[in-house]
Amino acid sequence: MNRILIIIDGILAKHFLERLCFEKGLGYFFTIVCQEELNIKSDYLELYRFDPTSTARLETIMSKEFKQAFIYMQDEFEAKKTYEALRLLDINLEIEIMDFWGLSISDSHANLVDARMTLSRRLMNFFPDIALTAQHIGLGEGEIMELKIPSGSIFAYRHIRSIQQKRWRIVLIYRNSKIYFVKPSFVLEPNDSILIVGDPVVLQSIFHNIRDKAGQFPIPFGSNIFTLIDMKNMSEKAQENLINTTLYLEEKSNAKKSFIRVINPKIGPIFYRLKELFYEREGIFFDYFNTDFTHLNSFLQNNDIGILITDYKHFQKEKKRFFDLKIPILKIGKCSFEKLKESVILSANESELENNANVITDFSKQLDFNLTLYYYNPNSQNISNMKEYFSSLSKLYDKNIQIINKRDNNPLLNLQYRNDLLQFVSFEKELLGGNFSKSLSTNLNRHYAKMKENYQLFIPVE
């Protein structure tokens with residue numbers, strides 16, 4: 001059986017050994033050296049009482065082959081002397097030393113456990129704005145974190161599947177002292193605690209995002225706005241509208257900043273306007289090498305893009321590539337974005353509505369739009385659950401949401417003739433299908449082209 005040597009003393013000795021005795025199935029035999037009398041019995045422990053700084057006394061037990069040695073002592077001088085005695089007797093023994101003083105030992109076979117740092121980290125975990133991270137699991141760099149969802153969080157009342165998880169994952173949910181395994185349909189509630197894993201830098205960002213109050217869109221998709229202008233293949237009116245919409249959204253929404261990338265640049269009024277913006281602000285790029293939408297993924301990821309703005313023509317052309325980005329796509333409409341006062345949802349799918357409801361309500365709240373849900377489902381008689389859910393969101397965001405149950409009348413028949421709306425569309429895989437299958441579909445999202453004169457926000461759906 002493998003043997004481990006533990007040299008220990010002080011007020012923590014008895015407590016440490018009692019904890020050790022409670023552990024089951026360790027598969028080791030422990031030799032304990034202590035100067036004090038200890039009344040601890042175990043089939044896996046043998047106790048010796050002598051001064052461990054004495055090389056001669058240690059030599060009497062070192063005839064046994066130890067896999068590892070632990071020094072857990074309260075006096076700095078005695079701890080160092082004990083280490084020196086052990087090293088003299090065995091130059092290759094792996095030694096772990098509990099360091100309360102900041103010892104300086106250069107030894108590839110010795111590991112110093114900084115007790116002061118460990119205790120400081122533990123104390124810091126009790127502060128309200130410090131993320132609770134696992135220190136002794138995995139790399140111990142903060143890649144495992146526990147977070148509590150406060151009331152009013154942008155993550156409250158959201159399905160797991162509606163939360164974009166790039167370079168991080170939710171793995172467990174704690175509610176009312178019970179553990180719940182992650183399911184896409186699970187709805188997070190205030191006071192839930194979640195265990196998340198991922199890139200430590202990303203987790204720190206998620207920690208602050210979760211604690212933020214409602215009204216943070218484009219978070220959690222990203223923090224910034226991106227607009228791509230193709231001066232060769234876009235009309236001057238579309239380019240002007242894209243620029244104005246970008247600047248207006250940056251001012252009115254909670255996006256941190258915006259980026260405008262120009263491909264196929266050519267001399268003209270739009271070029272000179274962009275040049276003026278280039279000298280006034282950061283984030284304007286003229287790309288003289290790329291002539292299409294390719295090679296954008298790394299830029300979008302590295303700059304934390306949370307929403308992309310384009311026109312209808314390029315949305316149709318690059319729809320598959322936009323779908324793969326998994327971020328909201330804002331397609332501009334005919335009128336100026338500043339003239340919009342109303343946003344609408346056209347849906348017959350309650351699950352889809354719940355998944356996108358936070359983004360929809362958040363965005364409408366920031367832009368001070370009236371929000372109307374046109375619920376069209378001839379086969380549904382009872383929508384009380386959906387009304388209750390939107391009522392909760394209404395209170396959370398302090399935003400009135402009007403629900404119109406259009407059980408017998410397709411709302412597209414009237415709304416398709418307007419051009420002063422912002423329509424929210426679930427960006428699901430079915431939108432990539434052909435025109436024939438679309439014409440037979442009762443999914444209102446697939447008929448988004450009927451309202452192409454309006455602004456449309458395509459929200460990614462897993």
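**A conversation about a predicted model**

Biologist: How many helices and strands does the protein chain have?
Modeller: The secondary structure of the protein chain comes to 14 helices and 21 strands. Please keep in mind that this is a predicted model.

Biologist: What share of the residues counts as buried?
Modeller: Of the 462 residues in the protein chain, 49% count as buried. The chain exposes about 23900 Å², and carbon and sulfur atoms supply 49% of that area.

Biologist: And the contacts, how many join residues at least 24 apart?
Modeller: Among contacts between residues at least 6 apart in sequence, 70% join residues at least 24 apart.

Biologist: Let us turn to a sheet. What is the order of the strands in the open sheet of 6?
Modeller: The order is β3-β2-β1-β4-β5-β6, and the pairing is parallel. The edge strands are β3 and β6, the latter covering residues 110-114; each of these two pairs on one side only. From one strand to the next, the twist averages 20°.

Biologist: What holds paired strands together in general?
Modeller: Strands of a sheet pair through backbone hydrogen bonds, in either a parallel or an antiparallel manner.

Biologist: How many bridges join β2 to β3?
Modeller: There are 4 bridges between β2 and β3, which run parallel. As one example, Val 33 has Tyr 48 in β3 as its bridge partner.

Biologist: Which helices pack on the sheet?
Modeller: Helix α1 packs on the sheet and touches β1, β2, β3 and β4; its direction makes about 160° with that of β1. Helix α4, residues 115-124, also packs on the sheet, touching β5 and β6, and its direction makes about 35° with that of β6.

Biologist: Which residues of α1 are buried?
Modeller: In α1, which spans residues 13-22, Ala 13, Leu 17 and Leu 20 are buried. Seen down the axis of α1, the buried residues fall within an arc of 55°, so they line one face of the helix.

Biologist: What covers them, and which exposed residues are on the face turned away?
Modeller: The cover over the buried residues of α1 includes β1, β2 and β3. The face turned away from the buried side carries the exposed residues Arg 19 and Phe 22.

Biologist: A new topic: how do β9 and β10 pair?
Modeller: Strand β9 (residues 168-175) and strand β10 (residues 178-181) pair in the antiparallel sense over 4 bridges. Ile 173 stands opposite Tyr 180 in β10. The two strands form a hairpin with 2 residues between them, and Asn 176 in the turn has a positive phi of about 50°.

How values were computed: Residues numbered from 1 in each chain as written. Predicted model: local features only at pLDDT ≥ 70, side-chain atom pairs only at ≥ 80, totals over all residues. Heavy atoms only, no water. Buried < 20%, exposed > 50% of the residue type's maximum accessible area, 1.4 Å probe, protein only. Arc of directions from axis to C-beta. Contact = heavy atoms within 4.5 Å. Pairing = 2+ DSSP bridges. Axes fitted to C-alpha atoms, helices over the stretch in contact; angles between N-to-C directions. Areas by Shrake-Rupley, 256 points an atom, 1.4 Å probe, with all protein chains shown as cover.
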